[in-house]
Amino acid sequence: MYIVYGQVEIFLPACSSLKEKRATLQSIIARIRKRFNISVCEADYHDLWQRSIIGFSAVCSHYSETDLIIDIVQDTVYQHDDVCELISFDHQLFQFQLGDKHILDFNNPFQ
């Protein structure tokens, strides 16, 4: 079993109110959820008009699914490049083995 989670920081230069920002974010979040049933939400900068962090997480049975989810989230933000700019995209990937309850962190080379 694989666990992937991350955050996408975006800049929304065309938004002039929180209402516009929320409408744009809901469009991005809905498209991600439509393509994959993963957890997605606005995670930070709730009160700023032109900046936001979207958090996402998913549990997958195969490693290839994690790559696909990461690509889909990134591609969805890039498809909205007319209304938002990608500032940063960070993600973490873990392998969890149920039998021995050992977590393998793919981002830690010292394991």
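Modeller: A residue is called buried under 20% relative accessible area, exposed over 50%, and partly exposed in between. Please keep in mind that this is a predicted model.

Biologist: Is tyrosine 5 buried, exposed or partly exposed, then?

Modeller: Tyrosine 5 has a relative accessible area of 36%, so it is partly exposed.

Biologist: What stands opposite tyrosine 5 in S3?

Modeller: Serine 57 is the residue opposite tyrosine 5 there. The two strands, S1 and S3, run antiparallel and are joined by 10 bridges.

Biologist: How many aromatic pairs does the structure hold?

Modeller: There are three aromatic pairs. One of them is formed by tyrosine 2 and tyrosine 63, with 5.7 Å from centre to centre and 70° between the planes, which is edge-to-face. Tyrosine 2 belongs to strand S1 (residues 2-11) and tyrosine 63 to helix H2 (residues 63-79), so the pair links distant parts of the chain, 61 residues apart.

Biologist: Why is the pair of tyrosine 5 and phenylalanine 94 called stacked?

Modeller: The planes of those two rings are at 10°, with centres 5.9 Å apart, so the pair is stacked; the cut-off for stacking is under 30 degrees. Tyrosine 5 sits in strand S1 and phenylalanine 94 in strand S4 (residues 85-97), so this pair ties together parts 89 residues apart in sequence. Phenylalanine 94 is buried, with a relative accessible area of 17%.

Biologist: Changing topic, how many residues has the largest nonpolar core?

Modeller: That core has 23 residues, and Ile10, Ile38 and Val73 have the most contacts inside it. At least two residues each come from S1, helix H1 (18-35), strand S3 (51-60), H2 and S4. As general background, nonpolar side chains tend to be buried together in soluble globular proteins.

Biologist: What is valine 73 in contact with, leaving aside its neighbours within four places in sequence?

Modeller: Valine 73 is in contact with Val8, Ile32, Ile38, Phe56 and Phe89.

Biologist: And how many residues of S3 are buried?

Modeller: Seven of the 10 residues of S3 are buried, so this strand is largely enclosed by the rest of the structure. S3 also pairs with strand S2 (residues 39-44) in the antiparallel sense, over five bridges. Aspartate 44 has isoleucine 53 in S3 as its bridge partner.

Biologist: Which residue takes a positive phi in the hairpin of S2 and S3?

Modeller: Tyrosine 45 does, with a phi near 60°; six residues lie between the strands of that hairpin.

Technical notes
Residues numbered from 1 in each chain as written. Predicted model: local features only at pLDDT ≥ 70, side-chain atom pairs only at ≥ 80, totals over all residues. Heavy atoms only, no water. Phe/Tyr/Trp six-rings, centres within 6.5 Å; stacked < 30°, edge-to-face > 60°. Helix = DSSP H or I, 4+ residues; strand = E, 2+ residues; numbered from the N terminus. Buried < 20%, exposed > 50% of the residue type's maximum accessible area, 1.4 Å probe, protein only. Core = buried A, V, L, I, M, F, W, Y, C linked by side-chain atoms within 4.5 Å. Contact = heavy atoms within 4.5 Å. Pairing = 2+ DSSP bridges.
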